[in-house]
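Please keep the sequence and the structure in view while reading.

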Amino acid sequence: MVRISGKWCVLVSIFLFITLVSCTKNSPSTKKTYIIQVDKWAKPEEFSDHKQWYSSMIKSVASKPEKEEDTDNDRMLYTYQTAFHGVAAQLSEEEAEMLQDQNGVLAVFPEIVYQLHTTRSPKFLGLEQEDGMHIWSDKISDHDVVVGVLDTGIWPENPSFNDSSMRPVPAHWKGMCDVGRGFTEHHCNRKIVGARVFYRGYEAASGKINEQEEYKSPRDQDGHGTHTAATVAGAPVQGANLLGYAYGTARGMAPGARIAAYKVCWVGGCFSSDILSAVDQAVADGVNVLSISLGGGVSSYHRDSLSIAAFGAMEKGVFVSCSAGNGGPDPISLTNVSPWVTTVGASTMDRDFPATVKLGTGKYLTGASLYKGQRNLSTKKQYPLIYQGSNSTIPTPSSMCLEGTLGRSAAGKIVICDRGISPRVQKGQVVKNAGGVGMILSNTATNGEELVADCHLLPAIAVGETEGKMIKHYATSRNATATLAFLGTKLGIRPSPVVAAFSSRGPNILSLEILKPDLVAPGVNILAAWTGDLGPSSLPTDHRRTKFNILSGTSMSCPHVSGIAALLKSKHPDWSPAAIKSALMTTAYIHDNNQNPLTDASTARPSSPYDHGAGHVNPVKALDPGLIYDIDAQDYFDFLCTQGLESSQLVVFEKFSNRTCRHSIRNPGDLNYPAISAVFPETANVTSVILRRTVTNVGPPNSSYHVVISPFKGAVVKVEPARLNFNSRLKKLSYKITITTKSRQTAPEFGSLIWKDGLHRVRSPIMITWLPPV
């Protein structure tokens, strides 16, 4: 997707009618969880502490208890006091409405359910040298950086969490380790310095956790949290592999950093009251970075409790990295779009797991697979091939191999299954249960040519849409046959990286002036640590156990950036979260290893900043960016002042000080963001837009930069001054960007602005949008 056509306006209109709903449909008197944000300074003197005040507020609106033993304290699930101030409580709809009018109450949010956005990467990213040494292995300062991972917990016995070479836990750390079934204090060490659980919101909505079936402790039985934590800061493990695939040394992005695991996700999902409590606690514990591979849709900045908590974390100097979501390739599918959050999309690496389909005609087609088992198919024999779909373009329940749709006709055959609705590995289980001997998993138009490898329970290969159509067409012929072969691990894949088809796309529906995602990072076929409680397919029928697994998703790309941010924080401890984000974005690259523009896996055509943001993360360059675009909390608040929010809505961001709109930002595009986005209004009378930026020199004191601007079809872009000269006393300089329309375009145009000094290339993507006439 190079440009978004006029159709996107229709999508925007539809999207605006979508509203977030509470977890379940209940009558107005049924109690649900609400998050109440309060002004901590409004506590009346008659109350000795905030908890007592909150209890009094809840009592003042509470209806008669359903049970005599019910108390107001029973209704309170959490109190928040660090990144957010307030309380989570069980209330009826009427009680929540009454509470909204109480003195000191800033906002009331209904509980929202979030979902998980579910090696080779250090070398691919340039962090590992040819001799296997980490590029920064001679430095030990990263040992004092703590990354908080909000996820499904952690499997502490995995070798990725070995602490043998680490120094004592830093004195500033205030975290602790919760104990419970399968987890004791001894499971924490100098690598895992904290492990906490948050389940009150989940239990309030779903009932008590069955402790015989689920660990009510930091122990991870899902595997997702273990995988993301190891990707962030796993210790080097030689000989890591998944059933022989991807054999090598697995290590996290910041192998010397500490991990604090905050378990917020359970079998039934991840609940906003639990997530908010975890963010609040993590900031109080002293984390430097928060890695959050979760998403729950998009709502206005002032109605998004995670966004508000992330704002509070940013004010405390914590870098917050979030996954962009797996809603691609559809436009406007992003989550976690607040400008103070780093939003990470997913891309491929130069490693693949090839497998081949040999048709009865002798023709070979290439796909991908992680299958390793005893049910291998003979490459010297052909097996009957069937497809249960009505045609090759419109998937049906049987063509997608959904549960109960395959009959006896599948027995002894290789079955072609379309992707969609059910998990990829579950389709293989359905084929296996029907007596099939193998599966060919075919991409549809949604997935294009992107190949995601899976650890199936029977011989199975994923193929792209083009190959899938060819195979399905052949399967209609009489006596169609095929066989499958698995070729192991292949390196040096070209082109790479490629933007993953599943990676969520822009534009940013809340603010077109803030380009999202911010950047992309490896998120396809990532090898990292795994739980000892579940097989690599995550299916209950999978009895295989491995120490490592290969997963794909923006859940995997987010911890890559979180770990790299930890490295930057260790090398530049005085850098703000915005400075770290700027370094990551302005040094990102937009060309693959064939020196061609990055492409989109769903179309095989060049991707745009709506797909890849500023580009692909480049950690070695980010260490020395030359210039940074810094933003402080007041700047972000002034940005919010341009968003049409009322004072009663802005107040939710005034946690640490009584902020007011200083109007230092004339329009949203003036936020000192590393990406530049100009939006021309519907009226053709506005022919020019002026934006301003300020850069801080973090390179040699005496530096001179000149600007290079890419050409645009519909506009002329002028930068004044065109040269920036820094010295030891002049570290910050501002410039003006004037964008003048030549001819209004029906779709956004993309380009770049680059400051060069002979050593550094400080690149900002530029997006120009002309809103269509009303």
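With which residue does R258 form a salt bridge? The partner is D144, and in this predicted model the closest N and O atoms of R258 and D144 are 3.8 Å apart.

## Salt bridges

The pair of R258 and D144 links distant parts of the chain, for the two residues are 114 residues apart. R258 belongs to strand β10 (residues 258–263), whereas D144 is in the loop between α5 (121–124) and β6 (146–151). The two partners can also be described by their accessibility. R258 counts as buried because its relative accessibility is 0%, and buried means under 20% relative accessible area. D144, at 30% relative accessibility, counts as partly exposed. A network of salt bridges links D144 and R258 together with R167.

| Salt bridge | Closest N and O atoms |
|---|---|
| R258 and D144 | 3.8 Å |
| R505 and D600 | 2.8 Å |
| D518 and K516 | 2.8 Å |

R505 and D600 form a salt bridge. R505 lies in the loop between β25 (490–491) and β26 (519–522), and D600 lies in the loop between α13 (577–586) and α14 (609–612), so this pair ties together parts that are 95 residues apart in sequence. R505 is buried, with a relative accessible area of 0%. D600 is buried as well, its relative accessible area being 2%. In the salt bridge of D518 with K516, both D518 and K516 are buried.

## A negative surface patch

Other charged residues are found in a surface patch. E93, E94, E97 and D101 form a negative surface patch. Among them, E93 lies in helix α4, which covers residues 93–100. Is E93 partly exposed or buried? E93 counts as partly exposed because its relative accessibility is 33%, a value between the limits of 20% for buried and 50% for exposed.

## A covered helix

Helix α7 spans residues 224–233 and is mostly covered, with 10 of its 10 residues buried. The buried residues of α7 include H224, G225, T226, H227 and T228. They also include A229, A230, T231, V232 and A233.

## Aromatic pairs

How many aromatic pairs does the structure hold? The structure holds 21 aromatic pairs. One of them joins F311 and F653, with an edge-to-face arrangement, 5.1 Å from centre to centre and 65 degrees between the planes. F311 lies in helix α9 (residues 305–315) and F653 in the loop between α17 (647–650) and β30 (676–680), so the pair ties together parts that are 342 residues apart in sequence. Both F311 and F653 are buried.

Y610 and F750 also form an edge-to-face aromatic pair, with 5.1 Å from centre to centre and 80 degrees between the planes. Y610 is in helix α14 and F750 in strand β36 (residues 749–756), and this pair links distant parts of the chain, 140 residues apart. Y610 is buried, with a relative accessible area of 1%.

Ring pairs also build a cluster from Y78, Y80, F84, F109, F198 and Y262.

## Backbone features

Most residues other than glycine have a negative phi, and most peptide bonds are trans.

The peptide bond from G328 to P329 is cis, with omega near 5 degrees. P329 lies in the loop between β15 (319–323) and β16 (342–347). Another cis peptide bond joins R494 and P495, where omega is about -5 degrees. P495 is found in the loop between β25 and β26, and the loop between β25 and β26 also holds R505.

Two residues have a positive phi without being glycine. For L243, phi is near 50 degrees, and L243 lies in the loop between β8 (237–242) and β9 (245–250). L243 counts as partly exposed because its relative accessibility is 24%. For C401, phi is about 55 degrees, and C401 has its place in the loop between β20 (383–387) and β21 (414–418). C401 counts as buried, at 0% relative accessibility.

Terms used: Residues are numbered from 1 along each chain as its sequence is written. This is a predicted model: local features need pLDDT of at least 70, side-chain atom pairs count only at pLDDT 80 or more; totals for chains, interfaces and linings use all residues. Side-chain values use heavy atoms; hydrogens and water are left out. Patches are made of residues with over 30% relative accessible area and no salt bridge: like charges are joined within 9 Å, nonpolar side chains (Val, Leu, Ile, Met, Phe, Trp, Tyr) within 5 Å. Accessible areas come from the Shrake-Rupley method with a 1.4 Å probe; for residues, only the protein chains shown count as cover. A salt bridge is a side-chain nitrogen of Lys or Arg within 4 Å of a carboxyl oxygen of Asp or Glu. Lys and Arg count as positive and Asp and Glu as negative; His and the chain ends are not counted. The place of a charge is taken as NZ of Lys, CZ of Arg, CG of Asp or CD of Glu. Helices (H or I, at least four residues) and strands (E, at least two) are DSSP runs, numbered from the N terminus. Buried means under 20% relative accessible area, exposed over 50%, partly exposed in between (1.4 Å probe, protein chains only). Rings of Phe, Tyr and Trp (its six-membered ring) pair if their centres lie within 6.5 Å; planes under 30 degrees apart count as stacked, over 60 as edge-to-face and the rest as tilted.
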